[in-house]
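Have a look at the structure first, and then we can go through them together.

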Amino acid sequence: MTNSKKPIRVLVVGCGNMGASHAIAYHNLKEFSICGLVSTGKSKNILNEKLDNEYALFSDYEDALKTTNPDAVCISTYPDTHEKFAIMALDSGCNVFMEKPLADTVAGADRIVQKAMQTGKKVVVGYILRHHPSWQRFVELSQNLGKPLVMRMNLNQQSKGEMWNVHRNLMKSLSPIVDCGVHYIDVMCQMTKSKPVQVNAIGARMTEDIPEWNYNYGQLQIRFEDGSVGWYEAGWGPMISETAFFIKDVFGPKGSASIVAKNASAIGKSDSVESHTNTETILYHSAELDEKNQFKQVDSIISLEDEPDHQELCTREQQYFHRAIVEDIDLNLHLEDAVNSLRIAFACDESIRKKKSIDL
């Protein structure tokens, strides 16, 4: 067990949207102290200024790792660097917080998990929705609806400006349904508690601005062993429609539960990182009928008081990371779930490229 009173010295690698949010969390938490910020461009300087110019800056990760000798590394770089950076950190005796996805291949993710087991260090993957009380409630409610479940989710983003730059860079290594889909595949697996058995997916390349092998719109469908089915849709780019871009619902024989976020799903907010985790309210519907086939219960609106914003969710993720380290929490299941959702997402990629269903 690690000394819980001594701050954990953390090196922040990648200072874009998510890296900056995690750095702000570390900056404000007494449990951590930042020993350096790393990025290849100017994002580290912008972030450092936001944090009162306190921290050492590095352009080279390997140099930063050797110079600062941190206790932990937070990796929020593009996915094609994740495996290499994580293994270097673990080999240096560091614990790792990794933005999702764990790696840009399933084999790479497996290698990170194996290295974590060999070194005895913690690896926490940034599945932010697992730390959101409303999403936790959403998953709980789904388990009162009977089986099979039907799960419908999407997050289409009409991106422009800097967000379109971010999306184009992401698509150099991953598709939207892999990068974002791992979150919602993870939610579906939590809801069904059943083994996924088959995926089918479609995709379209709607711009010349991305590699020929990739696509910027995709939809995946999953079949589960218990008969449950789910779909997830993701599109990125200036051409994406903002009609019905924010759907999160589940229904079973006994009724349905739906996230109704009127503010977050308003036109013009599809590429807002802040709005992606908003729930606002959950609409709960019972399917029970009376002798006249009328509904016995009026639909209920569940509004939870604890509605953290994006920054607060990042703070909660880092508090969990701290607990995992100091309390020596067993993360085997956490990592197994992270690899599993990635495996399913990549099977969907394979389905699109081979134009056929993939058995898992």
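In this predicted model, Glu350 and Lys354 join their side chains in a salt bridge, with 2.8 Å from N to O. A salt bridge here means a side-chain nitrogen of Lys or Arg within 4 Å of a carboxyl oxygen of Asp or Glu. The structure holds 16 salt bridges.

The model is predicted, so local features need pLDDT of at least 70 and side-chain atom pairs count only at pLDDT 80 or more, while totals for chains, interfaces and linings use all residues. Residues are numbered from 1 along each chain as its sequence is written, and side-chain values use heavy atoms, leaving out hydrogens and water.

**Pairs within one helix**

- Glu350 and Lys354 sit four residues apart in helix H12 (residues 332-354), about one helical turn; helices are DSSP runs of H or I with at least four residues, numbered from the N terminus.
- Glu350 is partly exposed at 31% relative accessible area, and Lys354 is partly exposed at 49%; buried means under 20%, exposed over 50%, and partly exposed in between (1.4 Å probe, protein chains only).
- Glu312 pairs with Arg316, their closest N and O atoms being 2.9 Å apart.
- Both Glu312 and Arg316 belong to helix H11 (residues 310-326), four residues apart.

- Lys115 and Asp91 form a salt bridge at 3.0 Å, N to O.
- Lys115 lies in helix H5 (residues 106-119) and Asp91 in helix H4 (residues 82-91), so the pair ties together parts 24 residues apart in sequence.
- Lys115 is buried, with a relative accessible area of 18%.

**A network**

- Salt bridges link Arg130, Asp186 and Asp337 in a network.

Key. Helices (H or I, at least four residues) and strands (E, at least two) are DSSP runs, numbered from the N terminus.
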